[in-house]
Amino acid sequence: MGSGPTMRLTDSERAMLDGHEGKAKRKAMELLVRYAQALGADRFVDTHNVAGVPGSYSPLLLNYYNATAENAYDVIYSRFDLDSDEVVEVPRVTVSSCHLQGGVDPENWQTLGAKPEALQMSQESEAAAASHGIRILKTCTPYLAGNVPVKGEHCAWMESSAVVYCNSVLGARTNTEGRESTSAAMLTGKIPDWGFHRDANRFASHHISVEVDVDSVMDWGMLGYFVGATVQERIPVLTGRFNRPDLIRHKHFGAAAASSGGVEMYHLVGITPEAGTFEMAVGQAMSNRCRPEVITYGKAEQQRTYDELNSKARDRSVDYVMLGCPHAALEQIEEICRLLEGKRISTHCNLWIFTSRAVRAVADAKGYTRIIRAAGGALITDTCSAIGQAIPPGTRVAALDSAKQTHYLPAIMGIQAWFGSTRDCIEAALTGRWNGARP
Amino acid sequence: MSSTVTLRGRTVVGGCTEGEALVTRDTISGWGGVNPMSGTIIETRHELRGQSFKDKVLVFPGAKGSSGWSAVFHMTRLTGTAPKAMLFNEMTTKIALGAVVMRVPSITDFDQDPLTVIETGDWVKVDADRALVEVIKGRSRSGQGG
């Protein structure tokens with residue numbers, strides 16, 4: 001026991017570690033080596049697709065490091081992102097890199113209750129990242145904003161809901177990376193060869209037998225919440241009473257499973273790319289030796305999951321409806337517009353819908369943003385209520401159509417939250433009352 | 001009344017320290033599960049909800065939830081609310097990176113389950129350079145050991 005294996009480094013990795021490509025890459029490699037050794041990995045894999053939150057800062061970080069607007073990017077990237085004791089000049093990223101959600105929507109900052117200084121800080125941070133070659137996608141759904149990895153591609157992504165989508169739906173390969181590892185990978189194109197980068201670690205260990213009809217987005221969210229709580233960070237394979245889910249159902253299922261547990265990959269037999277058959281999903285070793293234990297998801301489990309999600313709500317009077325967790329796809333915005341068109345939401349209620357800049361650009365062009373605004377709501381980008389810790393002033397009771405957001409928002413903001421369908425939520429926005437029902 | 005138990009594991013982050021154990025059988029969420037200003041667990045149904053791990057030897061199954069895990073625990077180092085050490089069972093990228101940037105002695109892959117052997121209030125000596133943990137059982141919860 002004791003320490004793990006020593007790293008096997010390639011010549012180019014060794015050159016970076018020895019400082020031949022500058023101080024920043026040296027610091028990045030030092031961090032990646034410490035990280036790989038902590039994991040017990042003995043080598044790196046090359047990655048050309050990194051998604052993180054490089055160099056972003058808050059007043060707390062700026063004050064802590066005594067940074068100014070002029071040097072903030074180098075200071076925060078060095079000291080926090082690369083965990084370096086020394087400030088180094090941070091070069092442009094060397095591989096395809098994008099910025100996930102964060103900061104303040106420059107169009108709706110006042111609605112979000114942001115101060116002008118917060119907007120300015122967000123914009124300065126964004127401009128610095130952009131000038132270093134980082135694509136500013138500002139979303140938790142990069143796969144809906146132009147970053148769609150291909151099967152087998154090695155990625156280094158943050159954002160648990162995007163990670164589970166990347167592995168499960170796209171068949172690309174990423175662990176749940178963190179801010180520091182993604183920022184280091186952006187400079188070096190390296191990430192530890194561990195976990196989901198290796199074939200042997202992508203097989204299912206738990207079998208979920210779905211014995212109640214799972215069809216709507218809400219159904220998939222509840223199933224994901226149950227699966228995450230049940231298997232924790234293991235890999236489930238699901239069989240049973242569901243049809244082929246679309247992108248939105250995958251998005252809500254995976255996000256929920258990655259919140260109640262730590263699910264980073266799942267298999268749906270005959271549907272997801274590495275689960276052509278049950279045997280493919282569990283792998284040869286497992287299917288020869290013994291089949292995984294079967295866990296049943298039936299009516300009772302579905303109802304218990306619904307009750308758990310709604311356990312943080314008591315008052316039926318709703319003053320805030322939040323949709324778009326993970327960030328809304330265009331189809332979801334269309335559905336919201338169909339439910340809202342020609343109506344006004346309750347004067348006692350706010351409706352905020354969160355999406356990516358890419359999707360809002362289309363929503364703007366199609367007139368959806370206007371429909372939402374005319375109904376009294378707002379279509380907001382870059383952040384969400386949980387990430388931005390932004391809710392309308394005086395909010396006591398929220399209504400949500402995302403199991404993930406229901407998991408986080410009451411804990412973070414100290415409010416009540418109802419969970420239901422998108423239709424239940426829009427109904428609550430229109431009437432100011434929660435009338436959602438247990439399935 | 002006190003007795004000593006020794007556990008051996010694998011070094012995640014080296015270093016030596018000692019302190020009072022805070023043990024939970026629940027995995028811990030970083031972002032959205034911990035307030036980094038106080039080191040307090042805030043997750044709604046967590047058995048340690050409302051308790052702080054500041055200066056404790058945190059003994060837990062592992063990390064779960066958001067990819068912000070490492071950044072939140074990194075913040076606890078900056079705010080001075082980090083645990084003194086981490087002993088855990090389940091290796092994940094979240095906890096590995098979090099331990100590295102928190103720079104606290106951390107050990108995993110134990111020869112005995114630390115969740116069974118160690119109880120909240122035990123005094124724990126962590127030698128992460130040698131991947132050894134010495135648990136002094138039956139010390140008072142007031143933390144007057146050392």
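Here are a few notes on the structure above, point by point.

1. Ground rules. This is a predicted model, so local features need pLDDT of at least 70 and side-chain atom pairs count only at pLDDT 80 or more, while totals for chains, interfaces and linings use all residues. Residues are numbered from 1 along each chain as its sequence is written, and chains are lettered from A and ligands numbered from 1 in the order in which they are written.

2. Where the chains meet. The contact draws 35 residues from chain A and 32 residues from chain B; two residues are in contact if their C-beta atoms, placed from the backbone, lie within 7 Å. On the chain B side, β2 (10-13), α1 (69-79) and α2 (93-102) are the elements that give two or more residues. Helices here are DSSP runs of H or I with at least four residues, strands are runs of E with at least two, and both are numbered from the N terminus. α2(B) gives the most, with seven residues.

3. A covered helix. Have a look at α8 of chain A, residues 217-231: its 15 residues reach 21 Å from first C-alpha to last, close to the 21 Å expected at 1.5 Å a residue (the expected span is 1.5 Å times one less than the number of residues). In α8(A), 13 of the 15 residues are buried, where buried means that 20 or more other C-beta atoms lie within 10 Å of the residue's own, with C-beta atoms placed from the backbone.

4. Two packed helices. In chain A, α2 (residues 23-39) packs against α7 (residues 179-188) at about 130°, with the axes 9 Å apart. The axes are lines fitted to C-alpha atoms over the stretch in contact, and angles run from 0 to 180 degrees between N-to-C directions. α2(A) and α7(A) are therefore oblique to each other; angles under 35 degrees count as roughly parallel, over 145 as roughly antiparallel, 65 to 115 as roughly perpendicular and the rest as oblique. Among the residues that meet are A:A28, A:L32 and A:Y35 from α2(A), and A:A184 and A:L187 from α7(A).

5. A buried lysine. Where is A:K138 found? A:K138 lies in the loop between β4 (135-136) and β5 (156-157) of chain A. It counts as buried because it has 26 C-beta neighbours inside 10 Å. A:K138 and A:L100 are 38 residues apart in sequence, but 4.6 Å apart in space, C-alpha to C-alpha. Leaving aside neighbours within four places in sequence, the contacts of A:K138 include A:H99, A:G102, A:R357 and A:D382.

Note on methods: A residue is buried if 20 or more other C-beta atoms lie within 10 Å of its own, exposed if 12 or fewer, and partly exposed in between; C-beta atoms are placed from the backbone.
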